[in-house]
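Colleague: I am new to this structure. Could you show me how to read its features, one at a time?

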Amino acid sequence: MAMHLSSTLTDEGDWRGRLCPIDNAASVIGSRPTLLIVREAFYGTTRFDDFVAHTRLTTAVVSTRLKLLVENSVLEPRPYREPRKRTRNEYVLTEHGNALLPLVLALMQWGSDHVLHGGPVRANDAVTGKRLAVGPRDLDGSPITADRVAIAPNPAWQGQAN
């Protein structure tokens, strides 16, 4: 099953290279360390030392990734100060960051279903307790497979995608 590409999108177009939305998104959040930090932000982690502890990444990696996420408006630094200590930043998800929830849940679902014999955790609805199903759906809620997806130029795009 393959997606359908609009006939107006040429194989040589920048939309498949430097303008590709998947490539651009991956450049911001596509690394394992960055995804682990985003995961932790959704779990409620806000402080630098906690990101290091929960992700088991080095302080240098966490520092670099937090900077990248702040620069790309995924996380927002907010100053806080504990008594008799210097001011530090905590990091909270922005609107752009919260928009990553479907991606985070889809990765969790895929990992739970296809890696390590089910994985140790899965996402459930906090109200009903039912397991969440993440995936592409049409506006009526019906699941969509790749062969029903049409990739077409974005009419709102101001640049030249071809």
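**Reading the model step by step**

Modeller: Start with one residue. Ser73 is partly exposed, because its relative accessible area is 33%. Keep in mind that this is a predicted model.

Colleague: Where does Ser73 sit in the chain?

Modeller: Ser73 is in the loop between H4 and strand S2 (75-80).

Colleague: What should I look for in its backbone angles?

Modeller: Most residues other than glycine have a negative phi. Ser73 is not a glycine, yet its phi is positive, about 60 degrees. Arg56 also has a positive phi, near 60 degrees, and is a residue other than glycine.

Colleague: Is Arg56 buried or exposed?

Modeller: A residue counts as exposed when its relative accessible area is over 50%. Arg56 has 77% relative accessibility, so Arg56 counts as exposed. Arg56 lies in the loop between helix H3 (48-55) and helix H4 (59-71).

Colleague: Back to Ser73. Which side chain has a polar atom 2.4 Å from the backbone oxygen of Ser73?

Modeller: That of Thr94. Thr94 is placed in the loop between strand S3 (88-93) and helix H5 (95-98).

Colleague: Is Thr94 buried or exposed?

Modeller: The cut-off for buried is under 20% relative accessible area. Thr94 has 16% relative accessibility, so Thr94 counts as buried. Set aside its neighbours within four places in sequence, and Thr94 is in contact with Ser73, Val74, Leu75 and Glu76.

Colleague: Which residues does Glu90 touch, not counting residues up to four places away in sequence?

Modeller: Glu90 touches Thr46, Arg47, Glu76, Pro77, Arg78 and Tyr80. Glu90 has its place in strand S3. Its side chain also makes a polar contact with the side chain of Thr46, at 3.4 Å.

Colleague: Now zoom out. What pattern does the chain follow along the sequence?

Modeller: Read the elements in order: β-α-α-α-α-β-β-α-α-β. The secondary structure comes to six helices and four strands.

Colleague: How do I read the overall shape?

Modeller: Compare the radius of gyration with a reference. For 162 residues, a compact globule would have a value near 15 Å, but this chain has 19 Å. The C-alpha trace spans about 65 × 40 × 30 Å along its principal axes. Buried residues make up 24% of the 162 residues.

Colleague: What share of the contacts with a separation of 6 or more joins residues 24 or more positions apart?

Modeller: Such residues account for 49% of those contacts.

Key
Residues are numbered from 1 along each chain as its sequence is written. This is a predicted model: local features need pLDDT of at least 70, side-chain atom pairs count only at pLDDT 80 or more; totals for chains, interfaces and linings use all residues. Side-chain values use heavy atoms; hydrogens and water are left out. Helices (H or I, at least four residues) and strands (E, at least two) are DSSP runs, numbered from the N terminus. The radius of gyration is taken over C-alpha atoms; the globule rule is 2.2 Å times the number of residues to the power 0.38. Buried means under 20% relative accessible area, exposed over 50%, partly exposed in between (1.4 Å probe, protein chains only). Contact means heavy atoms within 4.5 Å. A polar contact is a pair of N or O atoms within 3.5 Å; within protein, one must be able to donate a hydrogen and the other to accept it, and residues adjacent in sequence count only if both atoms are side-chain atoms.
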